[in-house]
Amino acid sequence: MNEKDENEKNQVIGGTLYLVSTPIGNMADISSRAVKVLSEVDFVAAEDTRHTGLLLSRLGISRPMMSYYEENKRSAGDKIISRLLSGESCALCTDAGTPAISDPGADIVRDAVKAGINVTAVPGACAAVTALSISGADTKSFVFYGFLPTENTPRGKITDEISRERRTVILYEAPHRLKRTLGELKASCGGERGAALCRELTKLNEEVIRGTLDELIQKYEDIEPRGEYVIVLHGAAPRDGALEWEGLSVKEHVEAYISSGMNQMDAIKAAARDRGVPKGEIYKKYAVRQ
């Protein structure tokens, strides 16, 4: 990219929604481009105007602000879209980190895209990627679940999926739910599954605790969790008799099981277990290729 292209990229353009990543703890992680965009947009939409207002104040920035969070995302989102369509520029900020990752920012992005509005990102800190990078777990392939639902039935379905997931799994969790979640992961995945608990990332009290689920649960038997957590769970080991299926198409995966003596439906179920997806998904993909 030449200097002219770079300068044009850094210009704040009317009618554009900017997803501005903000520090997850260490204020020095704010980028110079983020400061420029926050200084020049027509208004800032924030998950918590008090939190983002404090950030702007520390940066010496004063811009009009409006709230955009889970409970008001419908009404506030309509107002944001209307203002963007009228030619104003908006910076969207979450409480910390990258907007639209496990927060209502994803909804306004979808609405903006549907309305033909330009959406661009000002990259920066992201707790999930930060935790993964220092966890010691496999980083070649991973899946992000965000926060687990609080209801028992969907939680059970998801932890069952996670128990079969061969890729590294990343979860967010609040301190008051950490013990419950670790216990449920142990029940579904086994206490020997490796994991890392990453808390207070980039802050003075940053801590990464690595071990098995049994060891992590034991650590919190006598102390209460504090701070926001990212759980990085190692992928499941191959089951006895499972295929080394990476690199196989769905058709090849199913037919490899059939060639080993399974009937078609059992082969589809086995391939679904390997891939951590519903058997109906495998059936559809396999049937289409017949």
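Select Glu200 and Glu228 in this predicted model: the side chain of Glu200 reaches the backbone nitrogen of Glu228 at 3.5 Å. Glu200 sits in the loop between β8 (194–199) and β9 (207–212). With a relative accessible area of 17%, Glu200 counts as buried, because that value is under the 20% limit. Beyond four places in sequence, the residues touched by Glu200 are Asn205, Glu206, Gly227 and Glu228.

The largest share, five residues, comes from α3. Coloured by class, the lining of the pocket shows 16 nonpolar, 10 polar and nine charged residues.

Now move to the largest nonpolar core, a set of 19 residues in which Ile162, Leu197 and Leu233 have the most contacts. Two or more of its residues come from each of α7 (152–164), β7, α8 (178–189), β8, α9 (213–219) and β10. The most, four residues, are given by α8.

Which residues surround Ile162? Setting aside neighbours within four places in sequence, Ile162 is in contact with Tyr145, Val169, Leu171, Leu185, Cys189, Arg193 and Leu233.

For the last stop, select Phe43, Tyr68, Leu84 and Ala100. These are among the 17 residues of another core, which lies apart from the largest one.

Note on methods:
Residues numbered from 1 in each chain as written. Predicted model: local features only at pLDDT ≥ 70, side-chain atom pairs only at ≥ 80, totals over all residues. Heavy atoms only, no water. Nonpolar A, V, L, I, M, F, W, Y, C, P; charged D, E, K, R; others polar. Buried < 20%, exposed > 50% of the residue type's maximum accessible area, 1.4 Å probe, protein only. Polar contact = N/O pair within 3.5 Å; in protein donor to acceptor, adjacent residues only side chain to side chain. Contact = heavy atoms within 4.5 Å. Core = buried A, V, L, I, M, F, W, Y, C linked by side-chain atoms within 4.5 Å.
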